[in-house]
Amino acid sequence: MDYIMAFIIGGIICAVGQILMDFTPLTPAHVLVLFVTLGAVLSGLGLYQPLVDIAGAGATVPLPGFGHTLVKGVIDEVNKYGLLGVLTGGLRSAAAGITAAVVFGYLMALIFNPKPK
């Protein structure tokens, strides 16, 4: 059942993004910023964690999950270290994902030769 819920919730999030790009003047960059911001706001309001509890990776892997991770890290760090946690929490919680994206992106750039259009 976990896999089904992850597929359904993750699919809905991705479908909403595709619909926004197909039927509105929003570009992929606009949708990226919108989804990360929406994930952060919903997490700050306590509304995104229940979705993560239901969908697991279906809610944490798409873009709103990144915003959720940042806000969750900031909240945890503020509770531990006070105001300094605002500066350190987001990067501490998302460091593994950011590092993986940079490293694997670099490796793919070395391995593959893009073809001009």
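A search of the whole structure finds one salt bridge. The model is predicted. The salt bridge joins the side chains of arginine 92 and glutamate 77. Helix H5 also takes part in a crossing with helix H3.

**The salt bridge**

- The side chains of arginine 92 and glutamate 77 meet at 3.5 Å, N to O.
- Arginine 92 sits in helix H6, which covers residues 85-111.
- Glutamate 77 sits in helix H5, so the pair ties together parts that are 15 residues apart in sequence.

**Buried or exposed?**

- Arginine 92 has 55% relative accessibility, so this residue counts as exposed.
- The cut-off for exposed is over 50%.
- Glutamate 77 has 6% relative accessibility, so this residue counts as buried.
- The cut-off for buried is under 20%.

**How H3 and H5 cross**

- Helix H3 spans residues 48-55, and helix H5 spans residues 63-81.
- The axes of H3 and H5 come within 11 Å of each other.
- These axes cross at roughly 120°.
- H3 and H5 are therefore oblique to each other.
- The crossing of H3 and H5 is left-handed.

**Where H3 and H5 touch**

- H3 contributes Tyr48, Gln49 and Val52 to the contact.
- H5 contributes Pro64, Gly65, His68 and Lys72.
- By class, the contact of H3 with H5 has three nonpolar residues, three polar residues and one charged residue.

Note on methods: Residues are numbered from 1 along each chain as its sequence is written. This is a predicted model: local features need pLDDT of at least 70, side-chain atom pairs count only at pLDDT 80 or more; totals for chains, interfaces and linings use all residues. Side-chain values use heavy atoms; hydrogens and water are left out. Axes are lines fitted to C-alpha atoms, for helices over the stretch in contact, and angles run from 0 to 180 degrees between N-to-C directions. Helices (H or I, at least four residues) and strands (E, at least two) are DSSP runs, numbered from the N terminus. Angles under 35 degrees count as roughly parallel, over 145 as roughly antiparallel, 65 to 115 as roughly perpendicular and the rest as oblique. A crossing is left-handed if the near helix is turned anticlockwise from the far one by less than a right angle, and right-handed if clockwise. Contact means heavy atoms within 4.5 Å. Ala, Val, Leu, Ile, Met, Phe, Trp, Tyr, Cys and Pro count as nonpolar, Asp, Glu, Lys and Arg as charged, and the others, Gly among them, as polar. A salt bridge is a side-chain nitrogen of Lys or Arg within 4 Å of a carboxyl oxygen of Asp or Glu. Buried means under 20% relative accessible area, exposed over 50%, partly exposed in between (1.4 Å probe, protein chains only).
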